[in-house]
Amino acid sequence: MEKATFDNDMMINENVNQGTVNWEKAGNTLFLQGTLDRDSLLPLWQQKEHVLEDIGNIDVSQLSRVDSTGLALFVQLKGECHKRGRTLTFSGVGERLSTLITLYGLQALLDDNQPKT
């Protein structure tokens with residue numbers, strides 16, 4: 001099992017949300033926790049190749065907040081996996097994230113959201 005934590009310590013202005021995204025790998029599932037937004041996703045993005053190695057499902061049930069940049073990250077990751085002939089599913093999608101997905105017309109992101117075991 002692998003676990004990582006990244007804090008965003010960049011100060012753009014006084015109102016910046018210093019979010020944290022944590023993750024834990026178990027089997028072929030990546031469990032994300034915390035906040036996934038424009039202020040916290042850069043370290044995850046920079047290590048995505050290593051983090052997503054052998055991952056077929058991302059569990060987002062423990063994310064307290066996802067903004068449009070976090071959603072864009074999910075779209076990009078799913079597209080990259082698809083190009084490589086791999087399926088990437090998302091589980092634990094809550095009402096708030098589901099609403100964001102619907103607002104952006106990205107329901108296809110969840111078309112195969114049932115993780116394969």
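This is a predicted model: local features need pLDDT of at least 70, side-chain atom pairs count only at pLDDT 80 or more; totals for chains, interfaces and linings use all residues.
Trainee: How do you know how many helices and strands the chain has, and in which order do they run?

Mentor: Helices are counted from DSSP runs of at least four residues and strands from runs of at least two, and on that basis the secondary structure comes to four helices and five strands. From the N terminus on, the order is β-β-β-α-α-β-α-β-α.

Trainee: What makes a residue count as buried, and what share of the chain does so?

Mentor: Buried means under 20% relative accessible area, and 44% of the 117 residues of the chain count as buried.

Trainee: What share of the contacts between residues at least 6 apart in sequence joins residues at least 24 apart?

Mentor: Contact means heavy atoms within 4.5 Å, and among such pairs at least 6 apart in sequence, 60% join residues at least 24 apart.

Trainee: Which residues are closest to the centre of the largest pocket?

Mentor: The largest pocket has a volume of about 280 Å³, and of the 14 residues that line it, Ser64, Arg65, Val66, Arg96 and Leu97 are the closest to its centre.

Notes
Residues are numbered from 1 along each chain as its sequence is written. Side-chain values use heavy atoms; hydrogens and water are left out. On a 1 Å grid over the protein atoms alone, a cavity is a set of points where a 1.4 Å probe fits but cannot get out, and a pocket is an open set with protein on both sides within 12 Å along at least five of seven lines; lining residues have an atom within 4 Å of a point. Grid points are joined across faces, edges and corners, and a volume is the space filled by probe spheres set on the points. Buried means under 20% relative accessible area, exposed over 50%, partly exposed in between (1.4 Å probe, protein chains only).
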